[in-house]
Amino acid sequence: MADNELVAFRERWNQELKSRKEENPLVCASSSSSGDDPGQLGHKDLNKSCNTLKQKESSCTEDERSGGNAAAEAGQPQYVSIAHSLLDGRTSPLLDRIQQEKMRRKRQYHNMTNMCSVSRQQQMQPQRKVKKEEELVDQLIQDLNEVNDIPFFDVELPYELAMKIFEFLNCAELGRCAQVSRAWRVLAEDGVLWFRMCQREGYHQDASVSSSPCWKSTLRDCRNSYRAVCSNWKNRVGCVRQLQFELGKILCNVSSCDSFVLAGYTSGDVRLWNTLHWDLTSSYLKTNSLSANTHPRPHVSHVQVNSTVAAASYEDGCVDLWSTETGGEPIHHYQSPGRIQAFGLSLDSPVLVSATGTKVRLDSADDYGHWRTICETKLPKTVESLTLVPNRTDQSPLVVLAAGEDIYLLNPQEEEQPRTLHSVYGHPVTCLDASNTLSAFGVKRTGWAMHDGGNKGAGEREEAKQGES
C-alpha cells in the first residue's frame with residue numbers, strides 16, 4: 001500500500017508542475033494585456049516588465065528541468081529535488097508567482113487611484129475657480145484696507161485721523177511730509193486739506209471743494225498774485241487807468257467793491273463801472289422820477305456799492321437802489337424828510353441804513369428780493385456817522401452809530417432802541433469803524449485809550465480805542 005500511495009503522490013506532483021508551467025505564460029499575457037490599457041503605465045515600462053518576467057520564467061523552467069532531470073536520473077521524486085534546491089539557497093517558483101500577483105494588484109490599484117484623482121480634479125475645477133475668485137476679493141479688500149491705513153512709523157492710523165493731524169501743518173511742513181513715502185504723499189496732496197488751508201488764508205471763501213480741480217495750485221496762484229500786488233504797490237509799478245466822466249461836473253462821492261466802482265456828481269448823475277471790462281463805457285443809472293423832474297437837479301451826497309446792489313442818496317433826502325447786473329431803473333426808492341447825514345450799505349448782505357438828523361432807518365431785502373423797512377428809531381442827538389457790522393449774512397444786522405459824544409449799538413431783532421456802548425465826555429467822535437467782534441472810533445483831541453471789556457451787545461465784545469483824529 002505504501003508503494004501505491006507514493007506513485008499516486010508523484011503523479012499528482014507532476015500534474016501540478018505541468019499546470020504551473022501552462023499558467024505562467026497566461027500570467028505574462030494577462031500582465032501585458034493589462035499594461036496596454038490607456039491611463040496605465042507607459043509602453044516602455046510594460047516591455048521592460050514583460051522581459052524581466054520572461055527571464056525569470058525561463059530561469060525557473062530551466063531550474064525545474066534540471067531538477068527534474070537530476071531527480072529522474074537519480075530515481076528520486078520531484079519534491080525531494082525541490083527540497084534540495086531550497087536547501088541549496090535557490091528560490092521557489094511560487095515566490096515568483098506571488099511577486100507577479102502583487103505587482104498586478106499594485107498596477108490595478110494605481111490605475112484606479114489615477115482615474116479617481118482625474119475625475120475628482122474635474123469635479124473640483126469650478127470649486128477651485130470659486131475659491132480663486134473669493135481669494136481675489138479677499139486680497140482686494142486687504143489691499144484697500146492697506147491703502148486706507150496710513151503708516152505712522154510704528155502704528156497705522158485711519159485716513160481721516162491722519163488728515164486731522166496733517167491739518168495742523170503749513171505748506172513747507174506738508175512738502176517735507178510728502179517726501180516720506182507714497183502714502184504720506186497722497187495724504188499731503190489731498191484736495192480737501194489744501195481747500196481748507198486756502199480758506200484759512202482768506203481766499204475763495206464762498207467756494208466749495210469741487211470748485212477747483214487742484215486746490216494746491218489755486219493757493220499757489222493766489223499767493224503769487226497777492227505778492228505781485230504788494231510788490232507793485234510798494235514799488236509803484238502798475239497801470240493807471242482813468243474813468244471818463246463829463247467835463248464841467250464835480251465828483252461828489254465815490255465807492256468801490258470787488259470789480260465795481262460807483263461815482264456820484266453834482267449834476268445828479270450816478271455812474272457805475274466794472275473794472276473787469278475797461279473797454280466798455282460806464283453804465284448810466286437812472287434816477288427816480290422826483291429827482292429827475294427837479295430843476296436844478298439835487299447833488300449826490302453819498303454812494304455805496306457791493307457785489308449785488310448800488311445805492312445813492314441826494315441832497316433832497318431821496319435814496320435810490322439799483323442792481324449791479326441790470327442797472328437802469330431803481331429797484332427800491334424812498335424819501336426822507338430832511339438831508340441824509342450818514343449812509344451805509346453792507347458789503348456782504350442786502351442791508352441799507354440811513355440817518356436823517358436823529359432818525360435812523362434800516363431797510364433789508366427778503367429771500368424773494370423785495371425790499372422793506374425793518375426798523376425805524378430815534379436817538380437823543382444828531383447822528384454823525386454809522387457803520388454796519390460785517391459777516392452777519394445769516395444773522396440779524398447790527399449797526400454801530402456815533403451821535404455827539406456817545407457810541408450806540410442798534411440790534412433791531414432784540415431791542416427797539418439803540419443801546420449805549422460808550423460815552424466820551426468832552427471829546428466829540430470824528431470817525432467810526434466796526435468788525436464782527438470790535439468797534440473803534442476816533443475823537444477830536446489827543447489823549448488816552450480805554451478798554452471797556454464789560455460792555456457787551458448781541459453776544460459780541462466791543463473795544464473802544466481813542467487817538468488822534
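## Cysteines

The closest cysteine sulfur to that of C222 belongs to C198 and lies 4.9 Å away, which is too far for a bond. A disulfide is a covalent bond between the sulfur atoms of two cysteines. Here the term is applied to a pair of cysteine sulfur atoms within 2.5 Å, and the structure holds zero disulfides.

C222 has a relative accessible area of 13% and is buried. C375 also counts as buried, at 9% relative accessibility. Buried means under 20% relative accessible area, exposed means over 50%, and partly exposed lies in between (1.4 Å probe, protein chains only).

## Model and confidence

This is a predicted model, in which local features need pLDDT of at least 70 and side-chain atom pairs count only at pLDDT 80 or more, while totals for chains, interfaces and linings use all residues. Residues are numbered from 1 along each chain as its sequence is written, and side-chain values use heavy atoms, with hydrogens and water left out.

The protein chain has a mean pLDDT (the predictor's confidence in each residue, from 0 to 100) of 75, and 68% of its residues reach 70 or more. Confidence is highest in strand β7 (residues 300-305), at 93, and lowest in strand β22 (residues 460-461), at a mean of 35. Over residues 26-50 the pLDDT stays under 50, and the model has 17 contacts (heavy atoms within 4.5 Å) for this stretch beyond four places in sequence. Residues 60-74 are also below 50, with seven contacts beyond near neighbours in sequence.

## Aromatic pairs

Rings of Phe, Tyr and Trp (its six-membered ring) pair if their centres lie within 6.5 Å; planes under 30 degrees apart count as stacked, over 60 as edge-to-face and the rest as tilted. The count comes to two aromatic pairs. One of them joins F166 and W184 edge-to-face, at 5.7 Å centre to centre with 80 degrees between the planes. F166 lies in helix α5 (residues 159-166) and W184 in helix α7 (residues 182-188), 18 residues apart, so the pair links distant parts of the chain. Both F166 and W184 are buried.

## A four-stranded sheet

Helices (H or I, at least four residues) and strands (E, at least two) are DSSP runs, numbered from the N terminus. Two strands pair if DSSP finds at least two bridges between them. Four strands form an open sheet in the order β3-β4-β5-β6, with antiparallel pairing. Because β3 (251-257) and β6 (283-285) at the edges each have a single partner strand, one side of each is left without a neighbour in the sheet.

Within this sheet, β4 (residues 260-265) and β5 (residues 270-274) run antiparallel and are joined by five bridges. F260 stands opposite N274 in β5.
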